[in-house]
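Here's a quick tour for anyone meeting this structure for the first time. Have a look at the sequence and the model below, then read on.

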Amino acid sequence: GVAAIGSYDPVSFQLWYAALDSVAQLYAADVTVGANLGDVDLSLQAQVAGSSMWADNAGVFDAGAVNSVALDDATFWAAELGAKAFGFDGSVGYVQFDTDEISLISFEDQGSFIDAGEDLLNYTAFAGDNKYWFVTAGYTFADKVRVGADYVAGENEVNGVSRDEYEAVARLDYKYSKKLNFKTWYSY
């Protein structure tokens, strides 16, 4: 993989390319614009990414047998508007990723892609057209304890069959020290 990362206040950007031999190549671009208005921090982040699959199919282990699934290229784009002020933080955003068969945008977990919730959004293995919007909110007490919530809603369409989906998450984070944080959440 290779990356180009830069920051020219108030704009920062990242360009990424990664390849896994005989499997896929991934590319991504990220642009963030930030502004500080006194005690209020505002940000607007936009991302676009894609994958080009070198492999036509992958073997999936299921019930004692290896089955073959078709792989295809994928596209991803997302935008998030965030704000922080007086201990409060919040964001709203939109995420869309799609493929004709099964594909991926990230080799491992969610990468640094715009994300909300814990279980609904999965950029490492997905099918069909996926369109979601989200809202997050939280409050941090004494720079140590954060209480927050996420709500993600949207639809997944595979082979002409559309399914509405949503996820609600309650969060509690404790920052013990600069290098040790504890996090817990409940996702429904």
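Is Glu118 buried, partly exposed or exposed? Glu118 counts as partly exposed, because its relative accessibility is 28%. The cut-offs behind those words: buried is under 20% relative accessible area, exposed is over 50%, and partly exposed is in between, with a 1.4 Å probe and protein chains only.

Before going further, bear in mind that this is a predicted model, where local features need pLDDT of at least 70, side-chain atom pairs count only at pLDDT 80 or more, and totals for chains, interfaces and linings use all residues. Residues are numbered from 1 along each chain as its sequence is written, and side-chain values use heavy atoms, with hydrogens and water left out.

**The overall picture**

- The protein chain has 12 strands and 0 helices; both are DSSP runs numbered from the N terminus, with helices being H or I of at least four residues and strands being E of at least two.
- Read from the N terminus, the elements go β-β-β-β-β-β-β-β-β-β-β-β.
- Along the principal axes, the C-alpha atoms of the protein chain fill a box of roughly 55 × 40 × 35 Å.
- The protein chain has 188 residues, and 31% of them count as buried.

**Salt bridges**

- The count of salt bridges comes to 4, where a salt bridge is a side-chain nitrogen of Lys or Arg within 4 Å of a carboxyl oxygen of Asp or Glu.
- Back to Glu118: its side chain meets that of Arg171 in a salt bridge, at 2.7 Å from N to O. Glu118 is in the loop between β8 (88-103) and β9, while Arg171 is in strand β11 (residues 161-177), so this pair ties together parts that are 53 residues apart in sequence.
- Arg171 also meets Asp150 in a salt bridge, this one at 2.8 Å from N to O. Asp150 lies in strand β10 and Arg171 in strand β11, so here the parts tied together are 21 residues apart in sequence.
- Arg171 counts as buried because its relative accessibility is 16%, and Asp150 counts as buried because its value is 7%.
- Glu165 and Arg163 make another salt bridge, at 2.8 Å from N to O. Glu165 counts as buried at 16% relative accessibility, whereas Arg163 is partly exposed, with a relative accessible area of 48%.

**Surface patches**

- Patches are built from residues with over 30% relative accessible area and no salt bridge, joining like charges within 9 Å and nonpolar side chains (Val, Leu, Ile, Met, Phe, Trp, Tyr) within 5 Å. The accessible areas come from the Shrake-Rupley method with a 1.4 Å probe, and for residues only the protein chains shown count as cover.
- A nonpolar surface patch covers about 1,100 Å², and its members include Val11, Val31, Leu81, Trp133 and Tyr188.
- β3 (24-37) and β9 (126-141) each supply at least two residues of that nonpolar patch.
- Leu81, one of the patch members, sits in strand β7 (residues 74-85) and counts as partly exposed at 47% relative accessibility.
- There's also a surface patch of positive charge, where Lys144, Lys175, Lys178 and Lys179 gather. Lys and Arg count as positive and Asp and Glu as negative, while His and the chain ends are not counted; the place of a charge is taken as NZ of Lys, CZ of Arg, CG of Asp or CD of Glu.
- You'll find Lys144 in the loop between β9 and β10 (145-158), and it counts as partly exposed at 36% relative accessibility.

**Aromatic rings**

- A search of the whole structure turns up 16 aromatic pairs. The rings of Tyr8 and Phe13 have centres 6.3 Å apart and planes at 10°, so that pair is stacked.
- The rule: rings of Phe, Tyr and Trp (its six-membered ring) pair if their centres lie within 6.5 Å, and planes under 30 degrees apart count as stacked, over 60 as edge-to-face and the rest as tilted.
- Tyr8 counts as exposed at 60% relative accessibility, whereas Phe13 counts as partly exposed at 28%.
- One aromatic cluster is formed by Phe76, Phe97, Phe113, Tyr123, Phe126 and Tyr132.

**A loop residue to look up**

- Ile105 lies in the loop between β8 and β9 and is buried, with a relative accessible area of 3%.
- Ile105 and Asn156 are 51 residues apart along the chain, and their C-alpha atoms are separated by 16 Å.
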